[in-house]
Amino acid sequence: MTKRKSHHIRVHLPGSSQIFKLIAIFVCWGLMACQPKDKKEDSEQDTAIDGLAFTSAPLRELKEWPNLDTGGEMIRPELKDIFCIHVYKLPLKADFNQELSFLCEDKKPNATFAQLDKLGGLVGTEPRAAMLKIEQQGDFTKGIFATVYRVPIQPKWVRSAAIQEYMVGTSTYDYVHLEGEVKESLNSGLGGDLQFGKWLLYYKTDVQTPDGSNFTNERTTELNSFQVHGGNPDIGIGAENLVDSPRGDYRAYNTTTITIANQDGGSTLITIIRVEVRNNGFAELSENVINDISTAQATHVHHGLMNEKAAGHFP
C-alpha cells in the first residue's frame, strides 16, 4: 500500500493568462480531473503525479504469491503467441534475452508469462514487485524483479501517454529516496517503422543505511519504445537499458515493459527489471531497494495512466 504525500496535475493551456492557468490547476487539484476543451489540445496537456511516499514491503517471490494459482488469465492468448515470435525481430538497443526469458521460451509463452498475467488480477490498483531471481556477487547485488497491473485503457492509447515522465517520478521511503528526470527526447533519431519513442532518462537513489550512514547511486538510461508487430496496435514494448553510471554504481539496469491487450478491451502492463548494483557492503538492504523502487516506479506509471484517463486524454 502507498501513502499519498502530495500530488499535482499540471495543465498547459496555450494562449491563456497566468491567472487562468493557476485557477485551472487549483480546480483540477480539487476535482482530481480536468477535461480537455477539445481533442486538438490533448497532446498539449499532461497529467503527473510526483513525490509519492511509500511504505517498504518485504521481498516476495512470484511463485509464493498468495492465491496465484486461483487467478484468471486476462491477456488475449493469441497476442502472447505473437509477442514471443516478433519481439526477437525488433532492433532493441541492448541484450534483453534474460528479461524476455521470463516470458518466452523457444519463442512461445511460458508458465511465468501465465503467472504474471494472473498476478495482474490480484494486485488491483496498487502494483507490487515480485522477485524472480536474486544473487549476491561480492560488492554487487544482482536482482530480477517483475511488476504487473491492468488498466482499462487500450494499448494504442497507453503508448500515447507520458510513460517516460512517470518512470522518473520522485519516490520516498523511510530509508531510500529516488528522483529523476527526462534528460532529453531523442525522437528525432527513431529507427525503423515500428519505433515510436526514444528518451534519455536520469535517476538518483539516496539510501540511508541501518548504521546511520548513507550512499548514493546514479544512472542514465535510454528508453526505446516499439510496436512489437507491424500493423498490430495491441502489443507494445518499452526497452530501457543502462548507458552511463558514474563511479560504476551499476553494471546493468534494464527494464522491459510489455503493454498487451486484454480480453475485456483493456491492457496489462508487465515490467521485468534486471539490476546489478553496487551494494556498498549492505547486500540485504540493496535487495530491498530494488524491490521497493520497482514497486514505486510501477505505481507512478499506473497512477499516471489512470489520471490521464480521468482527465479525458483517452477515448
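The legends below describe several close-up views of one predicted model.

Because the model is predicted, local features need pLDDT of at least 70 and side-chain atom pairs count only at pLDDT 80 or more, while totals for chains, interfaces and linings use all residues. Residues are numbered from 1 along each chain as its sequence is written, and side-chain values use heavy atoms, with hydrogens and water left out.

**View 1. The chain as a whole, with seven helices and 13 strands.** Helices (H or I, at least four residues) and strands (E, at least two) are DSSP runs, numbered from the N terminus. Of the 315 residues in the chain, 54% are buried, where buried means under 20% relative accessible area, exposed means over 50%, and partly exposed lies in between, with a 1.4 Å probe and protein chains only. Contact means heavy atoms within 4.5 Å, and among contacts between residues at least 6 apart in sequence, 68% join residues at least 24 apart.

**View 2. The disulfide between Cys84 and Cys104.** The structure holds one disulfide, a term that stands for a pair of cysteine sulfur atoms within 2.5 Å. The sulfur atoms of Cys84 and Cys104 are 2.1 Å apart, and the torsion about their S-S bond is about -80 degrees, so the disulfide is left-handed. Cys84 lies in helix H2 and Cys104 in strand E3 (residues 104-105), so the pair ties together parts that are 20 residues apart in sequence. Both Cys84 and Cys104 are buried.

**View 3. The packing of helix H2 against helix H4 (residues 111-122).** Two packed helices are described by the angle between their axes and the distance between the axes. For H2 and H4 the angle is about 130 degrees and the axes are 12 Å apart; axes are lines fitted to C-alpha atoms, for helices over the stretch in contact, and angles run from 0 to 180 degrees between N-to-C directions. That angle makes H2 oblique to H4, since angles under 35 degrees count as roughly parallel, over 145 as roughly antiparallel, 65 to 115 as roughly perpendicular and the rest as oblique. The crossing of H2 past H4 is right-handed, a crossing being left-handed if the near helix is turned anticlockwise from the far one by less than a right angle, and right-handed if clockwise. Lys80, Phe83 and Cys84 of H2 make the contact with Phe113, Ala114 and Asp117 of H4. By class, this contact of H2 with H4 has four nonpolar, no polar and two charged residues; Ala, Val, Leu, Ile, Met, Phe, Trp, Tyr, Cys and Pro count as nonpolar, Asp, Glu, Lys and Arg as charged, and the others, Gly among them, as polar.

**View 4. Two loop residues, Lys107 and Ser101.** Lys107 is placed in the loop between E3 and strand E4 (108-109), and at 49% relative accessibility it counts as partly exposed. Leaving aside neighbours within four places in sequence, Lys107 is in contact with Cys84, Ile85 and Tyr88. The C-alpha atoms of Lys107 and Tyr88 are separated by 8.2 Å, although these residues are 19 apart along the chain. Ser101 sits in the loop between helix H3 (97-100) and E3 and is partly exposed, with a relative accessible area of 39%. Between Ser101 and Cys84, 17 residues apart along the chain, the C-alpha separation is 9.7 Å.

**View 5. Leu178, a buried residue in strand E8.** Leu178 has a relative accessibility of 3% and therefore counts as buried. Not counting residues up to four places away in sequence, Leu178 touches Gly169, Thr170, Ser171, Tyr203, Lys204, Thr205 and Ile293. Leu178 and Val168 are ten residues apart in sequence and, C-alpha to C-alpha, 8.3 Å apart in space.

**View 6. Asp193, in the loop between strand E8 (176-185) and strand E9 (195-208).** Asp193 is exposed, with a relative accessible area of 84%.

**View 7. Positive phi values at Asn67 and Asn280.** Most residues other than glycine have a negative phi. The phi of Asn67 is near 65 degrees, and this residue is found in the loop between strand E2 (52-54) and helix H2 (77-86), where Asn67 is exposed, with a relative accessible area of 56%. For Asn280 phi is near 55 degrees; Asn280 is placed in the loop between strand E13 (267-278) and helix H7 (283-310) and is partly exposed, with a relative accessible area of 34%.
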